[in-house]
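The following report concerns a single protein chain and how its elements are arranged. Please consult the sequence and the model while reading.

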Amino acid sequence: MAATAHFSTKDRILGAAEELFAQFGFTGTSLRQVTSRADVNIAAVNYHFGSKENLVNEVFRRRMDDMSAQRLGALKIAIEQHPGELEPILAAFVQPALAMAQDRHGGGAFVRVVARAYAEKNDRLRKFLSDHYGHVLREFGKAIAVCVPGLSKEELYWRLDFLAGALTYAMADFGLIKRPAGVTEAAHRERAARELIHFAAAGFKVEPKR
């Protein structure tokens, strides 16, 4: 029973923080706002997270750990089952992120938190994300390099950065294409993934200018 209460308190704090960070940003959200939204006292935040910086990191960790594991698992399958093919590798990168973004349990809020991270240029958060999840991008970089050997490492990383930016935009569902009436979220997500994968594959395959 104690373990369940322990988990639910921590999860409430993370959920409240995610919603508030999405709405007001990291600097614009106080721990007092978080405790009020989560209906806990400040001691609970200090006990579970120790500081606001750690709370910010954990908001990312609870989404990114699972998404990174899904990406790497799908990448392993793509390499084994479709050696030398670019599109399955791109699908392994794109599909878990779009699925997470459309998760009814806070996925949309987390996408806005990611946007805040870009906008606020939080160096400590960027270091945390690089230290903990940079290896995922590097693994995809190595796999893509096998498919497009004509690209230098720098050219490949430019294009991988552009893919990550386009994916973030697609996750936010903020573009010209909206989900048509009568089309399910799952079907719309699959179409978005398919179009983005085709677009990215063409970009990676363009011969670099020398």
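At 8% relative accessibility, Ala101 counts as buried, a term that denotes under 20% relative accessible area, with exposed meaning over 50% and partly exposed in between (1.4 Å probe, protein chains only). Ala101 belongs to helix 5; helices (H or I, at least four residues) and strands (E, at least two) are DSSP runs numbered from the N terminus. Leaving aside residues up to four places away in sequence, Ala101 touches Gly107, Gly108, Val111 and Met171, where contact means heavy atoms within 4.5 Å. Ala101 and Arg63 are 38 residues apart along the chain, and their C-alpha atoms are separated by 9.9 Å.

The model is predicted: local features need pLDDT of at least 70, side-chain atom pairs count only at pLDDT 80 or more, and totals for chains, interfaces and linings use all residues. Residues are numbered from 1 along each chain as its sequence is written, and side-chain values use heavy atoms, with hydrogens and water left out.

**Overall architecture**

The protein has 9 helices and 0 strands, so that, by the DSSP definition, its elements run α-α-α-α-α-α-α-α-α from the N terminus on. Along the principal axes, the C-alpha atoms fill a box of roughly 60 × 40 × 35 Å. Of the 210 residues, 39% count as buried. Among contacts with a separation of 6 or more, 76% are accounted for by residues 24 or more positions apart.

**Helix 5 and its partners**

Helix 5 (residues 86-101) has 16 residues and reaches 23 Å from its first C-alpha to its last, close to the 22 Å expected at 1.5 Å a residue; the expected span is 1.5 Å times one less than the number of residues. Helix 5 is mostly covered, with 13 of its 16 residues buried. A bend of about 25° occurs at Ala92, and a proline, Pro96, follows within four residues. Such a bend is the angle between axes fitted to the seven residues ending at a position and the seven starting there.

Axes are lines fitted to C-alpha atoms, for helices over the stretch in contact, and angles run from 0 to 180 degrees between N-to-C directions.

| Helix pair | Axis separation | Crossing angle |
|---|---|---|
| Helix 4 and helix 5 | within 8 Å | roughly 155° |
| Helix 5 and helix 7 | within 9 Å | roughly 165° |
| Helix 5 and helix 9 | 9 Å | about 140° |

Angles under 35 degrees count as roughly parallel, over 145 as roughly antiparallel, 65 to 115 as roughly perpendicular and the rest as oblique. Helix 4 and helix 5 are therefore roughly antiparallel, and helix 5 and helix 7 are likewise roughly antiparallel. Helix 5 and helix 9 are, by contrast, oblique to each other.

A crossing is left-handed if the near helix is turned anticlockwise from the far one by less than a right angle, and right-handed if clockwise. The crossing of helix 4 and helix 5 is right-handed. In this pair, Arg63, Met67, Gln70, Arg71, Ala74, Leu75 and Ala78 of helix 4 meet Pro88, Ile89, Ala92, Phe93, Pro96, Ala97 and Met100 of helix 5. Helix 5 and helix 7 cross in a left-handed sense. Here Leu86, Ile89, Leu90, Ala92 and Phe93 in helix 5 meet Leu137, Phe140, Ala143, Ile144 and Cys147 in helix 7.

The crossing of helix 5 and helix 9 is right-handed. Residues making this contact include Leu86, Leu90, Val94 and Leu98 of helix 5, together with Ala192, Leu196, Ala200 and Phe204 of helix 9.

Helix 4 (residues 52-81) has 30 residues, which should span 44 Å at 1.5 Å a residue; its end C-alpha atoms lie 43 Å apart, in agreement. A kink of about 30° is centred on Arg61. Buried residues of helix 4 include Leu55, Phe60, Arg63, Met67, Arg71, Leu75 and Ala78.

Glu85 is found in the loop between helix 4 and helix 5. At 39% relative accessibility, Glu85 counts as partly exposed. Glu85 and Val148, 63 residues apart in sequence, are 9.5 Å apart in space, C-alpha to C-alpha.

**A backbone exception**

Most residues other than glycine have a negative phi. Asp39 has a positive phi of about 60° although it is not a glycine. Its place is in the loop between helix 2 (31-38) and helix 3 (42-49). Asp39 is exposed, with a relative accessible area of 67%.
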